[in-house]
Amino acid sequence: MTKFERFDDSNAPAGSLPLIEKSKQAFGRLPGLHSVMAGSPPLLDGYQTLHRLFAEETAFDADEKTVVWQTINVYHECHYCVPAHTGIAKMMGVSNEISDALRDETPLPSDKLEALRSFTLAMLETRGNPSEDAFEAFYAAGYGERQVLDIILGLAQKVMSNYTNHVAQTPVDEPMQKFAWTPKAQR
């Protein structure tokens, strides 16, 4: 497999330098994912923008954001993003019960969160063409059209990171290594 270069202040394209600085300010370090994405300034910029929008402007609370992110990460078997979002979930105050259920693909502690995971999976599995039954179950759980659209935003963000990590085989950052994860099918 092709080895993807990792970038930092010393070798990044000029357009990535302010984005690298933004990442370092946000995380206190340059995450490995961002160091790979920096090879394409528009990719890193787009990813940072979508992350900010999903994290700060969607109608989801911390538990729900984690459900959307981790459902996508687990579905895509992202060796980097599952540990990263486990750490992020801890920083956001999400319970271990929720994180473990998402990582292990076991039932979530509430029917509403399970409905969110099920609908997110339906969006993934059908490439954005969920059945009427899927919509009805999602709406019956208390969600609406806004949340459907917010899931699409989360999907766009996670495709960028999950696919980048797949092609680059991005090593898990040291602070997140304690949350290492193996897909269920490989256990």
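Two residues are in contact when heavy atoms of theirs lie within 4.5 Å. With that in hand, here is a friendly tour of this predicted model. L50, for instance, is in contact with L153, A156, Q157 and M160, leaving aside its neighbours within four places in sequence. The protein has nine helices and zero strands, and about 47% of its 187 residues count as buried.

**Overall build**

- Read along the sequence, the pattern is α-α-α-α-α-α-α-α-α.
- The C-alpha trace spans about 50 × 35 × 35 Å along its principal axes.
- The radius of gyration is 17 Å, which agrees with the value near 16 Å that a compact globule of 187 residues would have.
- Among contacts between residues at least 6 apart in sequence, 67% join residues at least 24 apart.

**Surface and charge**

- The accessible surface comes to about 9300 Å², and 53% of that surface belongs to carbon and sulfur atoms.
- There are 17 positive and 25 negative side chains, and the centres of the two sets lie 6 Å apart.

**The nonpolar core**

- In soluble globular proteins, nonpolar side chains tend to be buried together.
- Here the largest nonpolar core holds 42 residues, and L116, F119 and I151 touch the most other members.
- Helix α7, residues 111-125, gives the most to this core, with six residues.
- Beyond its neighbours within four places in sequence, F119 is in contact with P130, A134, F135, F138, V148 and I151.

- T66 lies in helix α4, which covers residues 62-75.
- With a relative accessible area of 2%, T66 is buried, because buried means under 20%.
- Not counting residues up to four places away in sequence, T66 touches T71, A89, M92, V94 and L102.

- L50 sits in helix α3, residues 41-57.
- At 19% relative accessible area, L50 is buried, because the limit for that class is under 20%.
- L50 and K158 are 108 residues apart in sequence, yet their C-alpha atoms are 9.2 Å apart in space.
- V159 has its place in helix α9, residues 145-168.
- V159 counts as partly exposed, at 30% relative accessibility.
- The C-alpha atoms of V159 and I72 are 8.3 Å apart, while the two residues are 87 apart in sequence.
- Setting aside residues up to four places away in sequence, V159 touches H76 and T164.
- R146 is also in helix α9, and at 43% relative accessibility R146 counts as partly exposed.
- E57, T58 and A59 are touched by R146, not counting residues up to four places away in sequence.
- R146 and A89 are 57 residues apart along the chain, and their C-alpha atoms are separated by 23 Å.

**Backbone spots to look at**

- Most residues other than glycine have a negative phi, and most peptide bonds are trans.
- E77 has a positive phi, near 55°, and its place is in the loop between α4 and α5.
- The relative accessible area of E77 is 36%, which makes E77 partly exposed.
- Just after α6, E105 takes a positive phi of about 60°.
- R127 has a positive phi near 55° and is found in the loop between α7 and α8 (132-140).
- R127 is exposed, with a relative accessible area of 79%, because exposed means over 50%.

Technical notes:
Residues are numbered from 1 along each chain as its sequence is written. This is a predicted model: local features need pLDDT of at least 70, side-chain atom pairs count only at pLDDT 80 or more; totals for chains, interfaces and linings use all residues. Side-chain values use heavy atoms; hydrogens and water are left out. Helices (H or I, at least four residues) and strands (E, at least two) are DSSP runs, numbered from the N terminus. The radius of gyration is taken over C-alpha atoms; the globule rule is 2.2 Å times the number of residues to the power 0.38. Buried means under 20% relative accessible area, exposed over 50%, partly exposed in between (1.4 Å probe, protein chains only). Accessible areas come from the Shrake-Rupley method with a 1.4 Å probe; for residues, only the protein chains shown count as cover. Lys and Arg count as positive and Asp and Glu as negative; His and the chain ends are not counted. The place of a charge is taken as NZ of Lys, CZ of Arg, CG of Asp or CD of Glu. A nonpolar core is a set of buried Ala, Val, Leu, Ile, Met, Phe, Trp, Tyr and Cys residues joined through side-chain atoms within 4.5 Å.
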